[in-house]
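This briefing is intended for a reader who has the sequence and the coordinates at hand.

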Amino acid sequence: MNTSHIIGQSPLIAGMEQILAGGRIVHAYIFEGPAGAGKKTMSSLFAQAMLCTNPENKPCYACIPCKQYENGNHPDVIWIRRLENKTAIIVDQIRELQSVIKVKPYQAGKRICFIDGAQLMNDQSQNALLKTLEEPPSHTLFFLLADSTSPLKPTILSRCQLFRVDSLSREDIAVLLDRRLSIGYEEALTYATLSQGNPGQALALAGDEEFRTMRDQLINGMIQTGTTKIFDLIGPFNEHKERVQDLFNILELWIRDILILRETGDLDFIINRDQSTVLRKQASCFTSKALQDMIGSIEQARKRLKSNTNYQLTIEAMLSHFQGGANNASRSRSSV
């Protein structure tokens, strides 16, 4: 298979290559993995390889079927997704699909039907699909993309071959980010770690200019911890009030990194890799107890806001703990 644009997922690719080489293609596959893991990318690679007319190195991305697939206008590829005004994939969508697949493929000799978000099918939809899976048309393949297989009926699972789309290493995701967004490797590693192995989430975070601005603002503000300038952080909290949980997360991960460096000195375990020099300096400015208390003050602020406590006062109280933590740490060091 031509996997030049794919990063990671070697076991999954090996499984698909074995199926294509041996011609042991079944009528239904499930690609399972959390949102953003790469289910669409990997299932599309498999589908496109099946449709490609090039005798080697499929998909070639150059033949007519490959170009049609890339452009989203291949006549024998069907996508079923939850309708915007619905909470589930409804039975009418499956019935419409059933009527379409009664007709022979237009071009490829085979038709591929994607059900994206298959876990959202309700009972009626699953029962209707099950009838088709029990007696599938010889020319039709089904690709079910599911965040989880738990909502799917065991009878459906038993008629599908399962592919699990695993998390990627942070190094693989960093390469992906650098390739897609052309950001520095250390910064890419930071977003890769924040995403916890989810390439879609990493791309979303690294491509989110507001998130990157918030992170820069908070890091610059945290450098002022221990002085009255720490209260300048009120600005970002007011500016990005609707994303306060993201702000809390950025702060908590930053303080966590300082704590890890203070306790272990090991850079391999920190998240904000691109700010390692600043983190090392800050690690000498706090006691471990002060850092733990600061993390506790963030959690307390989260709880207070959920209880509809005054926003401004809650943030100011949290920042007061930050200032006090740094001052207490300074006094503790001076007394040693």
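The points below describe selected side-chain and backbone features. The model is a predicted one. It holds 17 salt bridges, and its aromatic pairs number 11. The largest nonpolar core comprises 49 residues.

**Salt bridges**

- Side chains of opposite charge can pair when their charged atoms come close.
- Arg-159 and Glu-134 are joined through their side chains in a salt bridge, with an N to O distance of 3.8 Å. The two residues are 25 residues apart and link distant parts of the chain: Glu-134 belongs to helix H5 (residues 123-134), while Arg-159 is in the loop between helix H6 (154-157) and strand S5 (161-164).
- Arg-215 counts as buried because its relative accessibility is 3%, under the 20% limit. Asp-274, at 25%, counts as partly exposed.
- Arg-215 additionally lies over the face of Tyr-191, 5.8 Å from the ring centre.

- Arg-243 is located in the loop between H11 and H12. With a relative accessibility of 17%, Arg-243 counts as buried.
- In the salt bridge between Arg-243 and Asp-208, the closest N and O atoms are 2.9 Å apart. Asp-208 lies in the loop between helix H9 (199-206) and helix H10 (209-222), and the two partners, 35 residues apart, link distant parts of the chain.
- The pair is part of a network of salt bridges that links Asp-208, Glu-210, Arg-243 and Asp-246.
- Residues up to four places away in sequence being left out, Arg-243 touches Asp-208, Glu-210, Phe-211 and Met-214.

**Aromatic rings**

- A pair of aromatic rings is described by the distance of the centres and the angle of the planes.
- Phe-31 and Phe-163 make a tilted aromatic pair, with 5.2 Å from centre to centre and 45° between the planes. Phe-31 is in strand S1 (residues 28-32) and Phe-163 in strand S5, so that the pair, 132 residues apart, links distant parts of the chain.
- Phe-31 and Phe-163 are both buried.
- These two residues belong to one aromatic cluster, together with Tyr-29, Phe-46, Trp-79, Phe-114 and Phe-143.
- Trp-79, a member of the cluster, has the charged end of Lys-40 over its ring, 5.4 Å from the centre.

**The buried face of helix H4**

- In helix H4 (residues 91-101), the residues Val-91, Gln-93, Ile-94, Leu-97, Gln-98 and Ile-101 are buried.
- Viewed down the axis of H4, these buried residues fall within an arc of 160°, and therefore they line one face of the helix.
- The packing partners of the buried H4 residues are strand S2 (77-80), strand S3 (111-116), H5 and strand S4 (140-146).

**The largest nonpolar core**

- In soluble globular proteins, nonpolar side chains tend to be buried together.
- Within the largest core, Met-222, Phe-237, Phe-248, Met-318 and Phe-322 touch the most other members. H12 makes the greatest contribution to this core, giving 11 residues.
- Setting aside neighbours within four places in sequence, the contacts of Met-222 are Ile-230, Leu-233, Leu-251, Trp-254, Ile-255, Gln-282, Met-294 and Phe-322.

**Backbone geometry**

- Most residues other than glycine have a negative phi, and most peptide bonds are trans.
- The peptide bond from Lys-58 to Pro-59 is cis, with omega near -10°. Pro-59 is placed in the loop between helix H2 (39-51) and helix H3 (64-71).
- Tyr-61, also placed in the loop between H2 and H3, has a positive phi of about 65° although it is not a glycine. Its relative accessibility of 25% makes Tyr-61 partly exposed.
- Asn-308 likewise has a positive phi, near 65°, and is a residue other than glycine. Asn-308 is found in the loop between helix H14 (288-306) and helix H15 (311-334), and with a relative accessible area of 70% it is exposed.

Key. Residues numbered from 1 in each chain as written. Predicted model: local features only at pLDDT ≥ 70, side-chain atom pairs only at ≥ 80, totals over all residues. Heavy atoms only, no water. Salt bridge = Lys/Arg side-chain N within 4 Å of Asp/Glu carboxyl O. Helix = DSSP H or I, 4+ residues; strand = E, 2+ residues; numbered from the N terminus. Buried < 20%, exposed > 50% of the residue type's maximum accessible area, 1.4 Å probe, protein only. Arc of directions from axis to C-beta. Contact = heavy atoms within 4.5 Å. Phe/Tyr/Trp six-rings, centres within 6.5 Å; stacked < 30°, edge-to-face > 60°. Lys NZ or Arg CZ within 6 Å of the ring centre and 35° of its normal. Core = buried A, V, L, I, M, F, W, Y, C linked by side-chain atoms within 4.5 Å.
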